[in-house]
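User: I'm new to this and would like to learn how to read a protein model. Can you walk me through it, feature by feature?

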Amino acid sequence: YFLLCLLLLPNYFKRHCFPLYRNLDPFDGLVTYSLLRDLSGDPSVLRDEIQDMQKIVNSKYKSYASHDPLDLGEALWLAHWYSNEDWAEVRCAVAVAVGVLLPLREFLLCVCSNMYVCMYV
């Protein structure tokens with residue numbers, strides 16, 4: 001059994017057991033690298049890493065969607081550092097729109113469920 005595990009284990013790790021990154025990881029990486037670059041005062045610091053993160057962010061930011069309040073809050077926090085960039089503006093607009101709609105949805109669910117209970121009790 002041990003020998004079989006040793007033979008199969010390398011193949012097991014060749015495939016990913018989970019996505020390579022979560023929804024906000026590229027944005028988090030871009031902001032973190034950019035802040036470190038800005039704090040260093042040297043525009044060449046982390047240039048390659050920032051370019052890599054920027055490519056991923058550019059491919060993802062227009063299709064961003066979330067209904068998780070924690071995710072939306074983190075998106076707003078990340079976007080506030082570089083609010084003049086396109087990806088940050090889209091993030092803010094989505095987060096604010098959903099942030100306004102989430103409490104409204106909860107309120108309507110509460111009202112509708114109470115109406116249903118009142119009608120059939």
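User: Let's start with burial. How many residues does the protein chain have, and what percentage of them is buried?

Analyst: Keep in mind that this is a predicted model. A residue is called buried when its relative accessible area is under 20%. Here the protein chain has 121 residues, and buried ones make up 21% of them. The chain exposes about 9,100 Å², with carbon and sulfur atoms supplying 67% of that area.

User: Okay, and which elements is the protein chain built from?

Analyst: Five helices and zero strands. Reading from the N terminus, the order is α-α-α-α-α. Among contacts in the protein chain with a separation of 6 or more, 67% link residues 24 or more positions apart.

User: Which residues touch the most other members of the largest nonpolar core?

Analyst: That core has 17 residues, and the ones touching the most other members are Leu24, Phe27, Leu30, Val57 and Trp87. Two or more core residues come from each of helix H2 (25-40), helix H3 (47-60), helix H4 (69-81) and helix H5 (86-120). H4 gives the largest share, four residues.

User: Can we zoom in on one of those? What does Leu30 touch, leaving out residues up to four places away in sequence?

Analyst: Leu30 touches Ile50, Met53, Gln54, Val57 and Trp87. There's also a spacing you can check by eye: Lys55 and Leu30 are 25 residues apart in sequence, and their C-alpha atoms are 9.8 Å apart in space.

User: Is Lys55 buried or exposed?

Analyst: Exposed, because its relative accessible area is 61%, and the cut-off for exposed is over 50%. Lys55 sits in helix H3.

User: Now for helix pairs. At what angle do H2 and H3 pack?

Analyst: The general idea first: a packed pair of helices is described by the angle between the axes and the distance between them. For H2 and H3, the angle is about 145° and the axes are 9 Å apart. The crossing of H2 past H3 is left-handed.

User: Which residues of H2 and H3 meet there?

Analyst: From H2, it's Pro26, Phe27, Gly29, Leu30, Tyr33, Ser34 and Arg37; from H3, it's Glu49, Ile50, Met53, Gln54, Ile56, Val57 and Lys60. Sorted by class, this contact has eight nonpolar, three polar and three charged residues.

User: Ser34 is on that list. Is Ser34 buried or exposed?

Analyst: Ser34, in helix H2, counts as buried because its relative accessibility is 6%. Not counting residues up to four places away in sequence, Ser34 touches Ile50 and Tyr82.

User: Last one: backbone angles. What is the phi of Leu46?

Analyst: In general, most residues other than glycine have a negative phi. Leu46 is not a glycine, yet its phi is positive, about 60°. Look for Leu46 in the loop between H2 and H3. Leu46 is partly exposed, with a relative accessible area of 25%.

Methods
Residues are numbered from 1 along each chain as its sequence is written. This is a predicted model: local features need pLDDT of at least 70, side-chain atom pairs count only at pLDDT 80 or more; totals for chains, interfaces and linings use all residues. Side-chain values use heavy atoms; hydrogens and water are left out. Buried means under 20% relative accessible area, exposed over 50%, partly exposed in between (1.4 Å probe, protein chains only). Contact means heavy atoms within 4.5 Å. Accessible areas come from the Shrake-Rupley method with a 1.4 Å probe; for residues, only the protein chains shown count as cover. A nonpolar core is a set of buried Ala, Val, Leu, Ile, Met, Phe, Trp, Tyr and Cys residues joined through side-chain atoms within 4.5 Å. Axes are lines fitted to C-alpha atoms, for helices over the stretch in contact, and angles run from 0 to 180 degrees between N-to-C directions. A crossing is left-handed if the near helix is turned anticlockwise from the far one by less than a right angle, and right-handed if clockwise. Ala, Val, Leu, Ile, Met, Phe, Trp, Tyr, Cys and Pro count as nonpolar, Asp, Glu, Lys and Arg as charged, and the others, Gly among them, as polar.
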